[in-house]
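Work through the exercises below with the sequence and the model open. Try each task before reading its solution.

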Amino acid sequence: MNDVKTKRAVKLGEYIAANACTVRAAAEFFDLGKSTVHKDVTERLPKVEPELYERVRRILDYNLSVRHIRGGEATKLKCSKNK
């Protein structure tokens with residue numbers, strides 16, 4: 001596996017684990033695409049750092065479980081600004 005991609009996956013995993021952030025937030029911080037971040041932490045990271053992957057996976061699963069709530073809050077805020 002490409003050494004640069006491996007190091008990037010570990011950095012992304014460490015950032016997500018330390019900040020409990022979303023894939024979108026990590027992508028913005030590292031100036032990468034969401035798809036790149038997601039691929040790195042879900043496909044590359046388990047092969048390199050399985051323990052870190054487990055921590056990241058828990059955060060990603062939590063984010064998935066609350067995304068409908070965050071979306072509703074964002075829509076509510078947007079609508080209230082338009083009034």
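Predicted model: local features only at pLDDT ≥ 70, side-chain atom pairs only at ≥ 80, totals over all residues.

Residues are numbered from 1 along each chain as its sequence is written, and side-chain values use heavy atoms, with hydrogens and water left out.

**Exercise 1. Check the span of helix H4 against its number of residues.**

Step 1. Find the helix. Helices are DSSP runs (H or I, at least four residues), numbered from the N terminus. H4 covers residues 50–82, which is 33 residues.

Step 2. Work out the expected span. The rule is 1.5 Å times one less than the number of residues.

**Exercise 2. Locate the kink in H4.**

Step 1. The kink is about 50° and is centred on Val-66.

**Exercise 3. Which residues of H4 are buried, and which helices do they pack against?**

Step 1. Apply the cut-offs: buried is under 20% relative accessible area, exposed is over 50%, and partly exposed lies in between (1.4 Å probe, protein chains only).

Step 2. List the buried residues of H4: Leu-52, Tyr-53, Val-56, Ile-59, Leu-60, Asn-63 and Val-66.

Step 3. Name the partners. These buried residues pack against helix H1 (3–19), helix H2 (23–30) and helix H3 (34–48). Contact here means heavy atoms within 4.5 Å.

**Exercise 4. How many salt bridges does the structure hold?**

Step 1. Define the pair: a side-chain nitrogen of Lys or Arg within 4 Å of a carboxyl oxygen of Asp or Glu.

Step 2. Count. The structure holds five.

Step 3. Examine H1. Lys-7 and Asp-3 pair at 3.4 Å, N to O. They sit four residues apart in H1, about one helical turn.

Step 4. Examine H3. Glu-43 pairs with Lys-39 at 3.2 Å, N to O. Arg-44 pairs with Asp-40, with the closest N and O atoms 2.3 Å apart. Arg-44 and Asp-40 also lie four residues apart.

Step 5. Recall the helix rule. An α-helix has 3.6 residues a turn, so residues three or four places apart point the same way.

**Exercise 5. Are Arg-44 and Asp-40 buried or exposed?**

Step 1. Arg-44 has a relative accessible area of 14%, so Arg-44 is buried.

Step 2. Asp-40 has 0%, so Asp-40 is buried.

Step 3. Salt bridges link Arg-8, Asp-40 and Arg-44.

Technical notes:
Helix = DSSP H or I, 4+ residues; strand = E, 2+ residues; numbered from the N terminus. Bend = angle between axes of the 7 residues up to and from the residue.
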